[in-house]
Amino acid sequence: MRSEAALQPGGLERFASPGKGRGLRALRRYAVGELLFDCPAYTAVLAVGERGSHCDGCFARKEGLSKCGRCKQAFYCDVECQKEDWPMHKLECSAMCAFGQNWNPSETVRLTARILAKQKTHPEKTQSEELLAVKEFESHLDKLDNEKRELIQNDIAALHHFYSKHMEFPDNAALVVLFAQVNCNGFTIEDEELSHLGSAIFPDVALMNHSCCPNVIVTYKGTLAEVRAVREIEPGEEVFTSYIDLLYPTEDRNERLKDSYFFSCDCRECTTKEKDEQKLKIRKLNEPPSAEAVRDMIRYARNVIEGFRRAKHYKYILCLAGLICELSLDKMGAVFEDSNVYMLHMMYQAMGVCLYMQDWEGALRYGQKIIRPYSQHYPAYSLNVASMWLKLGRLHMALENRPAGVKALKR
């Protein structure tokens with residue numbers, strides 16, 4: 001009888017991971033920094049805010065991009081990029097012309113429309129589905145609450161509104177499944193400073209299970225995902241990535257995992273909670289705050305963070321964000337040390353506001369407070385730490401402190 005795990009070329013195999021469903025397993029040893037595999041996007045959409053500075057086809061940042069002659073809203077490196085993207089862009093081109101400024105489907109809706117089109121034009125297995133097909137994606141349909149189901153119905157309505165003249169759709173039940181699959185398996189493509197560039201589907205990358213102690217990271221070269229080892233991986237060992245930001249304490253991480261992916265993590269970090277004390281460090285005072293005061297401040301911090309998360313798509317938040325950050329830092333600073341992850345979160349938000357306002361000195365001050373605790377709280381070779389060093393290097397250079405800039409960039 002054949003094993004359930006099918007052998008794949010390149011030293012990796014799909015297998016049944018105990019308690020986790022499907023997973024990815026190493027067949028040979030991988031050294032730190034080694035590329036396990038790469039995966040081109042099954043399909044991808046560039047964020048609307050990045051149009052004009054990045055190519056809609058390959059996501060490259062470039063000066064002098066050429067406009068689509070018809071809609072004038074999509075930009076490309078050259079004719080080759082435009083031709084390659086046309087089978088997907090044509091879904092939107094006419095609609096952009098027809099709706100004008102009222103053309104505003106979400107990235108999730110745009111991505112789903114492209115999946116439907118791709119499934120019709122390329123029913124065979126694609127290069128990005130060597131290990132896992134899009135149609136095999138888990139939807140967790142039975143775990144969706146009424147609020148999530150309502151959001152999916154809103155997305156379905158938007159799909160029909162913006163795309164119905166150019167596409168035929170499956171029935172509502174099939175669309176619910178597809179949107180649920182996209183919500184659980186979609187990826188955010190980020191640049192080197194972890195700024196949002198767009199959304200994509202990487203089927204083979206989606207095969208990897210989550211751990212808060214990951215042994216690989218995923219980075220992007222345009223619309224190509226690369227999976228590299230951040231610690232030695234032995235033959236027979238499962239390959240784990242992280243689905244979430246690992247800065248936060250165990251309870252916060254698992255709440256996020258339950259809300260977005262419908263499971264709790266049982267990795268060593270979640271079982272021992274060994275980093276939680278440092279992540280939630282309390283300020284040393286003559287009269288230490290009561291346990292109730294600490295709980296109240298944690299609750300306050302979580303509410304503020306959730307408020308930022310919900311409002312991040314609205315432009316007006318930029319006018320208020322700086323003030324909110326200052327008030328929150330003052331309030332939380334009465335209880336929390338600067339190295340507390342909730343303080344770090346607000347400092348990061350404040351740094352973003354300074355960057356937006358081109359206040360380089362203010363951004364640098366926040367970044368210098370953030371970098372050391374980041375290095376302690378995040379795992380080795382964290383992209384969040386690397387991105388912060390990159391920001392600091394660029395800020396030092398902008399302020400004409402070349403020695404400090406070179407040192408940060410080398411880090």
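**Close-up views of a predicted model**

**View 1. Helix 11, residues 341-356, in the predicted model.** At 1.5 Å a residue, the 16 residues of helix 11 should span 22 Å, and this agrees with the 23 Å between its end C-alpha atoms. Buried positions in helix 11 are V341, Y342, M343, L344, H345, M346, M347, A350, M351, V353 and C354.

**View 2. The two ends of helix 11.** At the start of the helix, the backbone nitrogen of Y342 has a side-chain oxygen of N340 within 2.9 Å. Y342 is itself one of the buried residues of helix 11. Just after the helix comes Q358, with a positive phi of about 60°.

**View 3. R114 in helix 2.** R114 has a relative accessible area of 3%, under the 20% cut-off, and therefore counts as buried. Its side chain reaches the backbone oxygen of A44 at 3.0 Å. Leaving aside residues up to four places away in sequence, R114 touches T43, A44, V45, D85, M88, H89, L91 and E92.

**View 4. The second largest pocket.** The space in this pocket is about 580 Å³. Its lining is made up of 22 residues, and those nearest the pocket centre are A41, Y42, G57, E84 and K118. Strand 4 (43-46), helix 1 (79-99) and helix 2 (107-121) are the elements that each give two or more residues to the lining. Helix 1 contributes the most, with six residues. Sorted by class, the lining has nine nonpolar, seven polar and six charged residues.

How values were computed:
Residues numbered from 1 in each chain as written. Predicted model: local features only at pLDDT ≥ 70, side-chain atom pairs only at ≥ 80, totals over all residues. Heavy atoms only, no water. 1 Å grid on protein atoms, 1.4 Å probe; cavity = no way out; pocket = protein on both sides within 12 Å on 5 of 7 lines; lining within 4 Å. Points joined across faces, edges and corners; volume = space filled by probe spheres on them. Helix = DSSP H or I, 4+ residues; strand = E, 2+ residues; numbered from the N terminus. Nonpolar A, V, L, I, M, F, W, Y, C, P; charged D, E, K, R; others polar. Buried < 20%, exposed > 50% of the residue type's maximum accessible area, 1.4 Å probe, protein only. Polar contact = N/O pair within 3.5 Å; in protein donor to acceptor, adjacent residues only side chain to side chain. Contact = heavy atoms within 4.5 Å. Expected span 1.5 Å × (residues − 1).
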